[in-house]
2 protein chains.
Amino acid sequence: MIEPTEVAVSGERIRVAYDLTGPVDEAPERVAAICVEQTIEFPADLIADDGIRGEIIGRIESIEAVGPELSHAEVSYAVETTGGELPQLLNVLFGNTSLLRDVKLTDVSIPESLARALGGPRFGIDGLREMFDAPERPLLSTALKPMGIAPDRLADQAFELAAGGIDMIKDDHSLANQPFAGFEERVRACADAVRRANEATGGRSIYMPSINAPHRLLEERVRIALDAGAGGLLILPGITGFDHMRDLAVRDDIGVPIMGHPAFLGSFVSSPTGGIAHDVMYGTLMRYAGADLTIFPNYGGRFSFSEAECASIADASHRPVAGFRPIFPTPGGGMTMSRIGEIVEFYGNDVALLIGGDLHRGRSLRSSAEAFRSAIE
Amino acid sequence: MIEPTEVAVSGERIRVAYDLTGPVDEAPERVAAICVEQTIEFPADLIADDGIRGEIIGRIESIEAVGPELSHAEVSYAVETTGGELPQLLNVLFGNTSLLRDVKLTDVSIPESLARALGGPRFGIDGLREMFDAPERPLLSTALKPMGIAPDRLADQAFELAAGGIDMIKDDHSLANQPFAGFEERVRACADAVRRANEATGGRSIYMPSINAPHRLLEERVRIALDAGAGGLLILPGITGFDHMRDLAVRDDIGVPIMGHPAFLGSFVSSPTGGIAHDVMYGTLMRYAGADLTIFPNYGGRFSFSEAECASIADASHRPVAGFRPIFPTPGGGMTMSRIGEIVEFYGNDVALLIGGDLHRGRSLRSSAEAFRSAIE
């Protein structure tokens with residue numbers, strides 16, 4: 001038995017929604033178990049009727065049967081359970097509950113005090129529109145590919161794509177530090193190519209290298225990238241950690257836009273009855289973690305996301321969230337030039353289009369880039 | 001069209017198995033798409049018959065129909081696609097494919113050159129047996145709980161648990177840097193308590209604080225922990241990143257055992273048709289990432305893992321893997337004293353038992369710890 005404990009809290013709460021699949025009459029017990037699991041992870045009968053029971057264990061706000069085998073629960077947690085830190089926020093939201101069967105995290109909202117502690121996206125939609133002098137149009141992005149070619153050829157691509165008017169030229173997320181194109185040589189060459197193209201055309205394109213590095217080399221690779229003149233960074237938070245991305249977003253000595261990539265994050269959204277809802281993972285959590293742009297596989301490509309799932313991600317990228325700046329949904333994944341009109345109609349102008357391999361189908365890379373830019377304008 | 005490219009590779013390959021759910025006659029096309037997705041992510045028809053096609057794109061080793069709607073595929077990738085780095089290895093194994101429907105990663109093996117580059121577990125079973133002077137018996141571990149109580153009370157628990165003979169006393173994974181028990185004060189108090197208990201009893205218990213910190217504070221918290229005398233570290237690689245854990249495991253200036261916790265990693269294993277197989281996630285990948293002990297929810301507790309899934313994790317913890325040391329499977333999640341005999345019978349002696357809240361049910365924490373130790377000996 002744990003002796004009675006007084007707990008001082010602010011009263012500010014994180015609100016979380018979970019969908020539970022299974023008999024609705026079992027939902028109250030399952031939700032109560034989640035409230036314990038995500039906080040004290042301790043037999044609740046060994047806790048006195050005290051501050052821990054009242055303030056630390058999650059609180060059931062509501063449970064509603066929304067189908068014969070589906071319940072929607074709202075739970076709140078004292079903001080103090082997170083210590084004001086993103087890693088522990090993720091842990092409170094879904095750490096152990098990710099291991100429970102048939103529970104899906106479907107919504108999160110955090111108090112503004114926690115949002116201020118996290119920081120959020122530095123640029124967001126307004127900041128990027130100013131950076132690219134693009135007050136209204138969708139933004140354009142593409143990737144340098146494929147793995148296997150040498151830095152000078154990737155740099156040639158970067159030059160042509162920037163000269164053709166692509167705003168953001170990122171590394172393919174598969175480019176790390178392979179012998180075919182080592183990180184430093186590649187990044188210097190590509191950053192230089194984009195700079196030369198901008199000088200030649202008066203453009204504002206940026207190069208965004210991928211920082212998917214071993215833990216101890218993350219800082220060194222970011223520094224190499226910024227010193228070389230990279231205008232932004234591509235981050236894979238599913239591999240290097242959400243707080244790694246957040247840290248880069250908030251640091252004044254970084255100060256460039258961050259593009260979040262969904263690699264290794266697909267399993268969170270693949271189950272209809274478990275995991276994390278698409279909009280929470282690729283919208284809300286990406287904003288908590290400071291992404292200015294969030295890449296996800298567009299519907300109708302080679303991946304599995306539906307129109308509704310993509311629309312929900314776009315909505316969670318744009319809507320008011322704890323004072324965070326709205327960010328650009330960045331649908332990609334086998335997108336083609338022929339779909340530009342449809343994609344813009346679907347998402348509206350506050351979207352960044354990501355077209356990769358298809359730009360290589362045209363007469364030349366520059367002419368494809370120019371056609372991409374023209375189609376948008 | 002990408003111009004023909006020569007690619008120099010060693011010939012060493014990473015071998016990967018995927019299970020594909022769906023019509024078996026579609027499997028060859030789907031596997032070919034995975035081979036492209038995980039490497040060049042580029043329209044294969046725009047690649048010449050060259051080094052990229054021959055060496056960079058994944059190679060189909062075999063495809064077998066194992067059911068009316070299930071195919072088993074083996075694929076290999078040139079080791080150079082990873083650049084010898086764990087983050088990019090994870091990306092090659094399952095980065096974008098995590099976003100495909102009905103593809104499950106079921107096996108991985110890496111050449112010894114890559115294993116040497118990763119480093120692997122520092123202690124493993126033999127090292128921990130020597131550390132605890134426990135040549136044959138299962139190891140004992142428990143967690144300091146619950147969130148909400150003050151550092152001195154957590155330290156009192158730590159003292160009693162160490163005096164009672166528990167080998168590894170870890171922070172509950174929910175303890176981060178909350179106002180109830182700030183990281184530094186808690187860690188100093190608990191490490192000191194375990195040291196005092198060891199001095200009193202001649203025991204060898206260690207305290208393993210949880211390092212679930214913001215990116216920029218990870219190193220500082222590790223340093224605080226080691227300076228305070230922590231004898232090991234609890235790491236949540238699903239949140240702070242697999243390579244963060246690996247880095248701690250291989251660094252000579254750390255030099256303490258690492259316990260890997262599965263928080264936020266449950267969604268990878270919850271789908272029968274997607275994600276990552278239990279043994280790969282909690283066995284193989286945890287060893288690649290340097291864990292000496294891998295915590296997972298035991299069958300028959302409050303989580304969803306089956307006996308077969310738990311047995312597969314234990315097997316992947318023990319069997320020869322690329323020269324890595326075998327590690328301790330550490331089943332937990334609502335384990336009780338009454339199940340000790342059954343658990344040891346199931347896993348054998350090369351297991352670390354993790355019993356948390358149930359130790360608080362007895363007459364005193366020390367007597368429960370002593371009973372736990374006696375039951376094992």
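How close do the axes of helix H6 (residues 151–163) of chain B and helix H14 (residues 365–376) of chain B come, and at roughly what angle do they cross? Keep in mind as you look that this is a predicted model. The two axes come within 7 Å, and the crossing angle is roughly 35 degrees. As for handedness, H6(B) and H14(B) cross in a right-handed way.

Now zoom in on the residues that touch. H6(B) brings Gln157(B), Phe159(B), Glu160(B), Leu161(B) and Ala163(B), while H14(B) answers with Leu365(B), Arg366(B) and Ala369(B). Sorted by class, that contact has five nonpolar residues, one polar and two charged.

Hop over to chain A for another helix pair. Here helix H11 (residues 278–288) of chain A packs against helix H12 (residues 307–318) of chain A, with the axes 8 Å apart and an angle of about 20 degrees. Angles under 35 degrees count as roughly parallel, so that is what we call H11(A) and H12(A). Their crossing is right-handed. On the H11(A) side, the residues making the contact are His278(A), Asp279(A), Tyr282(A), Gly283(A), Thr284(A) and Arg287(A). Facing them from H12(A) are Glu309(A), Ser312(A), Ile313(A), Ala316(A), Ser317(A) and His318(A). Count this contact by class and you get three nonpolar, six polar and three charged residues.

Next, the aromatic rings. Over all chains, the structure holds 13 aromatic pairs. Take Tyr299(A) and Phe346(A): their ring centres are 4.6 Å apart and their planes sit at 55 degrees, so this pair is tilted. Where do the two partners lie? Tyr299(A) is in the loop between strand S11 (293–297) and H12 of chain A, and Phe346(A) is in helix H13 (residues 340–347) of chain A, so the pair ties together parts that are 47 residues apart in sequence.

Are these two buried or partly exposed? Tyr299(A) has a relative accessible area of 7%, so it is buried. Phe346(A), at 28%, is partly exposed. Phe346(A) also pairs with Tyr347(A), and this pair is edge-to-face, with 4.8 Å from centre to centre and 80 degrees between the planes. Tyr347(A) is buried, with a relative accessible area of 8%.

One last stop takes in both chains. Ring pairs link Phe264(A) and Phe268(A) with Phe264(B) and Phe268(B) into a cluster.

How values were computed. Residues numbered from 1 in each chain as written. Chains lettered and ligands numbered in written order. Predicted model: local features only at pLDDT ≥ 70, side-chain atom pairs only at ≥ 80, totals over all residues. Heavy atoms only, no water. Axes fitted to C-alpha atoms, helices over the stretch in contact; angles between N-to-C directions. Helix = DSSP H or I, 4+ residues; strand = E, 2+ residues; numbered from the N terminus. Parallel < 35°, antiparallel > 145°, perpendicular 65-115°, else oblique. Left-handed = near helix turned anticlockwise from the far one by under 90°. Contact = heavy atoms within 4.5 Å. Nonpolar A, V, L, I, M, F, W, Y, C, P; charged D, E, K, R; others polar. Phe/Tyr/Trp six-rings, centres within 6.5 Å; stacked < 30°, edge-to-face > 60°. Buried < 20%, exposed > 50% of the residue type's maximum accessible area, 1.4 Å probe, protein only.
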